[in-house]
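Notebook open, viewer open. I'm jotting down what I look up as I go.

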Amino acid sequence: MEGPVPGEVRAGGPLIVTEDPDLLDDLLRLCAAAGAEPRVQHSVPEQTRDAAAGGSPPRSGAGPGWESAPLVLVGEDAVGRVRGAPRRGGVLLVGRHRTEDPEVWRAGVEIGAEQVLRLPDREAWLADRIADVAEGTGRQALAVGVIGGCGGAGASTLACALAVGAARAGERTMLVDADPLGGGLDVLLAGEHAEGLRWPDFAASRGRVGAGALEESLPRLHGLRLLSWDRGDQVVVPPAAVRSVLAAARRRGGVVVVDLPRRLDDGVAEVLAQLDLVLLVVPGELRAVAAAGRVAGAVGAVARDLRLVVRGPFAPGLDAEAVARLLALPSAGEVPREAGLGPAAGEPPGVRARGPLGRFCSGFWERALAGGGAG
């Protein structure tokens with residue numbers, strides 16, 4: 001199975017494909033507000049269609065770059081003119097018809113659209129998305145979530161170890177604590193007194209968060225940036241703020257590791273929608289496997305790629321292959337136990353490069369960042 005690949009570098013501004021003058025005016029206005037320079041095309045260039053059919057590739061400089069644009073906004077009027085274009089990410093179908101109309105959704109599926117948007121209802125969301133690609137100048141971060149299949153599975157430990165391992169390997173790394181009731185990853189990293197912003201500081205965020213400003217505002221621990229919780233009573237951040245912060249974290253490039261709670265609410269759904277890969281950590285016990293089945297069902301309905309990480313020791317009759325078979329999930333490996341970690345020992349998870357956990361994390365990143373297989 002192929003592993004997650006960081007977002008491709010795409011040059012220039014959004015590509016707009018429409019002949020509807022009113023819709024074009026709206027899209028140009030949103031691009032101007034976001035500081036993006038769009039390119040407008042009435043259809044997909046014939047050279048692109050020929051290449052998709054196995055013919056000659058497009059000539060250098062030909063057409064507006066269906067493949068290279070960071071975002072493609074296709075008007076409802078242009079659906080018939082983009083059929084047959086190469087499938088790619090970042091395609092949005094935009095119009096004024098009701099999104100409940102089955103024909104609209106059918107058209108979106110035909111062109112491989114990620115979303116179907118109705119204006120003016122989704123203008124604010126679309127403006128933020130355009131601004132995201134306008135700021136981005138390189139690869140988006142590879143975003144990996146970690147969630148426990150049951151209580152005490154060791155998901156937070158693995159999330160910290162993965163982040164520490166990525167930073168040690170020279171990756172620009174951000175660790176995000178998405179579990180307000182988990183006790184705080186800053187404690188696990190012995191950085192609860194480190195200066196910097198925490199989640200409640202971003203609760204009022206409504207618009208776009210700058211990637212650079214976010215990075216500089218967070219505590220720096222063990223070569224990575226950490227977004228965690230404070231010791232106050234606020235444990236809820238509005239979904240819009242979560243989306244803005246995670247989008248900014250991804251725009252900065254490198255690696256983003258998210259420690260996920262075992263419950264799904266609107267905020268967690270926003271996080272899952274931005275993750276390339278989710279690792280489900282399951283101890284090798286029958287009760288843990290039973291509980292993990294429920295978590296896998298809920299998370300798998302939202303996550304684009306869910307894989308299993310099994311942690312021993314195993315109950316009689318169980319091994320890593322049996323757990324993967326019972327949960328019907330692809331395996332990302334077996335994470336070893338390692339004693340002497342955590343705040344009590346003064347040593348964060350994964351800090352020992354040659355320890356069992358450090359070696360697991362190094363191997364995981366080698367595969368995931370190379371785009372091979374994480375399993």
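Then strand β6. How many of its residues are buried? Seven of seven, so I noted β6 as mostly covered. In a regular strand the side chains alternate between the two faces of the sheet. I checked both faces of β6: Leu-142, Val-144, Val-146 and Gly-148 sit on one side, Ala-143, Gly-145 and Ile-147 on the other, and all are buried.

Pairing of β6 came next. β6 pairs with β10 in the parallel sense over five bridges, and Gly-145 stands opposite Val-258 in β10. β6 also pairs with β11, again parallel and over five bridges, with Ile-147 opposite Leu-280 in β11. Further along, β7 (residues 173–177) and β9 run parallel, joined by three bridges. There, Val-176 stands opposite Leu-227.

On to the five-stranded sheet. This one is open too, with parallel pairing and the order β2-β1-β3-β4-β5. I found β2 (39–41) and β5 (115–118) at the edges, each with a single partner strand, so one side of each has no neighbour in the sheet. From one strand to the next the twist averages 25 degrees. β1 (residues 15–17) is joined to β2 by three bridges, and Leu-15 has Arg-39 as its bridge partner in β2. Helix α4 (residues 102–111) lies across β3 (72–75), β4 (91–95) and β5, at about 150 degrees to β4.

I count two aromatic pairs in the structure. Trp-199 and Trp-229 make a tilted one, 6.0 Å centre to centre with 35 degrees between the planes. This pair links distant parts of the chain, 30 residues apart: Trp-199 is in the loop between α7 (185–188) and α8 (211–217), Trp-229 in the loop between β9 (224–227) and α9 (239–251). Both Trp-199 and Trp-229 are buried.

Why is the pair of Phe-364 and Trp-365 edge-to-face? Their planes are at 75 degrees, and over 60 counts as edge-to-face; the ring centres are 5.0 Å apart. Phe-364 is buried at 0% relative accessibility, and Trp-365 is buried at 3%. While on rings, I also noted Arg-122 over the face of Trp-125, 5.1 Å from the ring centre.

Last, a look at confidence. The protein averages a pLDDT of 84, and 86% of the residues score at least 70. Over residues 1–11 the pLDDT is below 50, though this stretch has 38 contacts in the model beyond near neighbours in sequence. Residues 55–64 are also below 50, with 15 such contacts. Where pLDDT is low, the predicted coordinates should not be read in detail.

How values were computed: Residues numbered from 1 in each chain as written. Predicted model: local features only at pLDDT ≥ 70, side-chain atom pairs only at ≥ 80, totals over all residues. Heavy atoms only, no water. Phe/Tyr/Trp six-rings, centres within 6.5 Å; stacked < 30°, edge-to-face > 60°. Helix = DSSP H or I, 4+ residues; strand = E, 2+ residues; numbered from the N terminus. Buried < 20%, exposed > 50% of the residue type's maximum accessible area, 1.4 Å probe, protein only. Lys NZ or Arg CZ within 6 Å of the ring centre and 35° of its normal. Pairing = 2+ DSSP bridges. Axes fitted to C-alpha atoms, helices over the stretch in contact; angles between N-to-C directions. Contact = heavy atoms within 4.5 Å. pLDDT = per-residue confidence, 0-100.
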